[in-house]
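Please read them alongside the sequence and the model.

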Amino acid sequence: MTDRSERKVVHVPSGLSGERVDAAITRMFGISRTKAAELVAAGEVTVDGVLPAKSDRVEENAILEVNIPGPSTLLRVVPETVSGLRIVYDDDALVVVDKPVGVAAHPSVGWTGPTVIGHLAGAGFRISTSGVPERQGVVQRLDVGTSGLMVVAKSEHAYSRLKRAFKQRTVDKTYHALVQGHLDPLRGTIDAPIVRHTKHDHKFTVGQDGRHSVTHFDTLEAHRFASLLDILLETGRTHQIRVHMSALRHPCVGDLTYGADPVLAKRVGLSRQWLHAVTLGFEHPDSGERVEFSSPYPDDLQHALDVIRSAQ
């Protein structure tokens, strides 16, 4: 550890007995869940002298020792331009990018691939220093396996205004998803809370104790094996569209994590979920004018859709 690290030694209180290690660290020391998980992975955490996994549970009176680095020493932004990442719009306040598949929004535990933030740094963009250090300027995220539009704040003012807009749900986020089968009715609203999966840490599911999550959908095209949906998110939970579609038994084509048919995925040539952020609209944080951006389907999704359209 560097000289900026701080060693903490505490006894786990009764109120945290049974909590996951990373959750307990977050609640006791006020750091993010992401940072807590990275500390565990880096061997900077012990429970009764033993190195735990982040999902291990802590017991009352266990001795928890944590080395907490200073800000910005946990996850670092690696400046690296990304092939296929397109700058859709750029001004003094913000930059809108069209993110290709295989690129994360920002650095995170366990991810060693390219990031949007890394691309912007490598391309010479100056972005807001607000927020968690490794997520500077990021007010909205897309999954690694989801392509499409993202906005990143470049000024402190823009970051604050955009964060508020997303929180107040005044941002229009439209996605297109190719899902298996035909929805009945063809349009509707899914209002179902989403919670982290109890058995698979990287997955989420619908559950009574989850966070309020609302997805509106409308069928654009209905084909023999799949339907193309226009989806408007009212909330922005992790994997929200994928979880809600899977809960309806209409998973996104290619989304093997959430129950998609691997035979169909292979037939259309997909190795990721058919899901794309097609439009993004919001009030510009400086001018106050409404701005809207759009993104065409990338080649892999267009090919898969063409195969579905031609299937007899």
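1. A residue is termed buried when its relative accessible area is under 20%, exposed when over 50%, and partly exposed in between (1.4 Å probe, protein chains only). Q180 counts as buried because its relative accessibility is 15%. Q180 is placed in strand β7 (residues 172-180), where strands (E, at least two residues) and helices (H or I, at least four) are DSSP runs numbered from the N terminus. Contact denotes heavy atoms within 4.5 Å. Residues up to four places away in sequence aside, Q180 touches F225, A226, H250, P251, V253, A260, D261 and L264.

2. On provenance, this is a predicted model, in which local features need pLDDT of at least 70 and side-chain atom pairs count only at pLDDT 80 or more, whereas totals for chains, interfaces and linings use all residues. Residues are numbered from 1 along each chain as its sequence is written, and side-chain values use heavy atoms, leaving out hydrogens and water.

3. Helix α1 (residues 21-29) and helix α2 (residues 33-41) have axes that come within 8 Å and cross at roughly 125°. The axes are lines fitted to C-alpha atoms over the stretch in contact, with angles from 0 to 180 degrees between N-to-C directions. The two helices are therefore oblique to each other; angles under 35 degrees count as roughly parallel, over 145 as roughly antiparallel, 65 to 115 as roughly perpendicular, and the rest as oblique.

4. At this contact, V21, D22, A23, I25 and T26 of α1 meet R33, A36, A37 and V40 of α2. By class, the contact comprises six nonpolar, one polar and two charged residues. Here Ala, Val, Leu, Ile, Met, Phe, Trp, Tyr, Cys and Pro count as nonpolar, Asp, Glu, Lys and Arg as charged, and the others, Gly among them, as polar.

5. E38 also lies in helix α2. E38 is buried, with a relative accessible area of 16%. The C-alpha atoms of E38 and D22 are separated by 8.9 Å, the two residues being 16 apart along the chain.

6. F166, in helix α4 (residues 156-167), is likewise buried, at 15% relative accessible area. With residues up to four places away in sequence not counted, F166 touches V139, Q140, V151, V171 and K173. F166 and G236 are 70 residues apart in sequence, yet 8.5 Å apart in space, C-alpha to C-alpha.

7. I241 deserves a separate remark. Apart from neighbours within four places in sequence, I241 is in contact with Y175, I231, L233, C252 and L275.
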